[in-house]
Amino acid sequence: MNTVVAAVLQVAVLIAALALAVPFLGRYLAHIYTTEKHLRVEKVVYRVLRVDPDADQRWRSYALAVLGFSLVGILFLYLLARVQQWLPLSLGFDPFPSDGAWNTAVSFVTNTNWQWYSGEAAAGNLLQMAGLTVQNFVSAAVGMSVAAAFARGLARGRGNGRVGNFWADLVRTTLRVLLPISFVGALVLVGFGAIQNLRADLAMTTLDGGQQILTSGAIASQEVIKELGTNGGGPYNVNSAHPFENPTPFTNLLEIFLLLVIPFAMAWAFGLIVKDRRQGGAVLATMATLWLGAVGLLTWAEIAGPGTAPQLAGGAMEGKEARFGEAASALFASSTTGTSTGAVNAMHDSLTAPGGGIAMFNMMLGEVAPGGVGSGLYGMLMLAIVTVFLCGLMVGRTPEYLGKKIGQREIVLVALYILATPILVLVGAAVAVSFPAGPAGMLNSGAHGFSEALYAVTSAANNNGSAFGGLTAGTPFWNTLLGVLMLFGRFLPIVFVLGLAGRFATTQHLPAGAGTLPTHRPLFVVLLTGVALVVVGLTYVPALALGPIVESLS
Amino acid sequence: MNDIYALMRHSWAGLRVLIAATLLLGLGYPLLVTGVAQVAFPWQANGSLVTADGSRTTDPSEAAGSVLLGQVSDDSALFYPRPSAAGDGYDTMSTYGSNLGPEEPALIKAIKERKAEVAAREGVTADEVPADAVTASASGLDPHISPAYASLQVARVAEANGLPEAKVRELVEESTEGRTAGVLGEARVNVLLLNIAVKQAAH
């Protein structure tokens, strides 16, 4: 079969699988974020942990719970990485240095999962399991909880300012959604060859008498939640390119499915929570349009293979696996950067110049195509509010979204949200190239070297976690800088989102009038897509011009 | 002040939740998956190992390798794998792609050299050398080569082992997997399984 036809059909299979799963999962998510009933096991958990799952929190209390939980997560992970030499199952590895432990702790708690270290040579089995895998679950659950709180803020018309209970959201997301899917998914991955054992790393004698170490670990159990929670931090340096993490083209498609399914399902759930399915449909359609556009462009770039090295080699196979080839690598790359996952099955540093540029642009969208679990939904809703605001300005009406008036206080919060990440990215990039320690980490020369730095700060501030891996980021300078970007890139937006949720929750619903912009029609999808692209375009084109654009034109 | 007090109170609750999460998700979940996987899929869970005669094993000390891990091959009588950027080649302890960009002079130079080397080794022109033969994989552990690269090596391997070319070609066919379900991924040849088959046929 022709390569292009196979590539198109591969995407079609994925879309079909998503189309089957998203409505089902979306309905389930909407149920768990609105029901007042607890499972029996959850009641036991709440009682033992002495948290009150029925206290309907105001936004400030909800936000402080998010921040408090994340704070102890960072401290705990930092400690675990610093003392791993004394822990069981640590495979004899040294403790992380202080800057590295800071970076990793922030990285996994913020759902970024940027990795400065090489998993197989630095992180023992206990750190992987008890530290990193745990945060893969709970950081994802935090994002989904915040999105649920925002949706409830929009949905509620009682005007009492309550947005739900963080602990109940966190526990339900973990126990009812992430854990069961992960358990089944992990076993499927093992069935196809992902490893899952707790042996030591042992030597094998190869066919021509050499030595090769057989690495060990609980790989499949981490791999599945790493995709499902749009985390991306894998046990191995080369992430999902490693045959023990992603052994076959089928597991590859399954992993792409896992990293897309919750972000899309959250949009569906949103429609049900606000009791207007069409609203969720419009959000979902916008996400899907942006995602599909990126898939198409990136696949085209990699199959066409522009650039000196791909042309010379006869294909853009540098940094790609033979079992995946260009198409399945491009599909993974566009999906992992469009969600905030950041797992990779090919080395993004070796993507073609336009391909690498699209991956970067995808992250710069602010992780909304379809975005991280949770962060994708609230990011897209922020853009939706910008869209109704702009349209309101054009016709001279007070804008409203889902019956909630967008006044001055609301639009200020949205503006802060929209500006926070670009400021972090652009200031971060400026800092990175202004000190000798920044460029010192670059592997490639010229414009591509700048792309490595720009990609790193973009990935960190947007909580993606993928990298142009040539960058030697395991230095105190890069670890500290990227840690700061990840921290603020996660929690500033969350505070603004929850603040806005609180505002909405204090106001009553306005009835829709003749001047109300319908936010569920195809026209709105077009407007929203346009706003997403224009906001990013205006913000980032100068920076992109110095990196991937100049490289594409050279 | 109230906020700081509230933050501390929530952090304390957060710590209790985190400890419970660590026990359940950090120990219970991976150990349970490990237990079930070791019973249901022991061969896969332990690395998909094969012995030198191609039979499956779970014991690394009797394995000649994993069908999922490429390995260094310096034997000119066998099929060569792709170039690898993992350590000195196929080093599982330092998995790595080259991470060189498409315009990077070092990569362009490496591709030119590999092209010339493969063409000379297989007695073909440089234009006939496929892309995967001259590019390093993402993991540095790629267990596969393209059918085109395998086909390119058939004549040399057949001659070195005193086998008819048709026989070696047949072995390549047997080690080739097409796209999964006709559309997923790419067609590929498992180098370790192919080399084991060649060695057995040569005996």
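1. Leaving aside neighbours within four places in sequence, D142(B) is in contact with K320(A), E321(A), A322(A), R323(A), G70(B), R82(B), Y90(B) and S137(B); contact here means heavy atoms within 4.5 Å. The model is a predicted one, in which local features need pLDDT of at least 70 and side-chain atom pairs count only at pLDDT 80 or more, while totals for chains, interfaces and linings use all residues. Residues are numbered from 1 along each chain as its sequence is written, chains are lettered from A and ligands numbered from 1 in the order in which they are written, and side-chain values use heavy atoms, with hydrogens and water left out.

2. D142(B) sits in the loop between α3 (105-122) and β4 of chain B. Helices (H or I, at least four residues) and strands (E, at least two) are DSSP runs, numbered from the N terminus. D142(B) is buried, at a relative accessible area of 0%; buried means under 20% relative accessible area, exposed over 50%, and partly exposed in between (1.4 Å probe, protein chains only).

3. Two polar partners of D142(B) may be noted. A polar atom of the D142(B) side chain lies 2.6 Å from the backbone nitrogen of A322(A), and the side chains of D142(B) and R82(B) are joined by a polar contact of 2.9 Å. A polar contact is a pair of N or O atoms within 3.5 Å; within protein, one must be able to donate a hydrogen and the other to accept it, and residues adjacent in sequence count only if both atoms are side-chain atoms.

4. As to the interface as a whole, 110 residues of chain A are in contact with 100 residues of chain B. The area buried between the two chains is about 8,300 Å², and carbon and sulfur atoms give 65% of that area. Buried area is the accessible area (1.4 Å probe) that two parts lose on being put together, summed over both. L207(A), L312(A) and E318(A) supply 9% of the area that chain A buries against chain B, more than any other three residues.

5. Between chain A and chain B the count is one salt bridge, in which the side chains of D3(B) and R60(A) meet at 2.8 Å, N to O. A salt bridge is a side-chain nitrogen of Lys or Arg within 4 Å of a carboxyl oxygen of Asp or Glu. Across the same interface, 40 residue pairs are in polar contact, both residues being at pLDDT 80 or more.

6. Over all chains the structure holds 18 salt bridges. In helix α8 (residues 219-228) of chain A, K226(A) and E223(A) lie three residues apart, about one turn of the helix, and their closest N and O atoms are 2.9 Å apart. K226(A) is buried, with a relative accessible area of 0%, and E223(A) is buried, also at 0%.

7. In helix α3 of chain B, E113(B) and K109(B) lie four residues apart and form a salt bridge with closest N and O atoms 3.4 Å apart. E113(B) is partly exposed at 46% relative accessibility, and K109(B) is exposed at 53%.

8. E122(B) forms a salt bridge with R156(B), the closest N and O atoms being 3.0 Å apart. This pair links distant parts of the chain, with E122(B) in helix α3 and R156(B) in helix α4 (residues 147-160) of chain B, 34 residues apart. E122(B) is buried at 10% relative accessible area, and R156(B) is buried at 13%.
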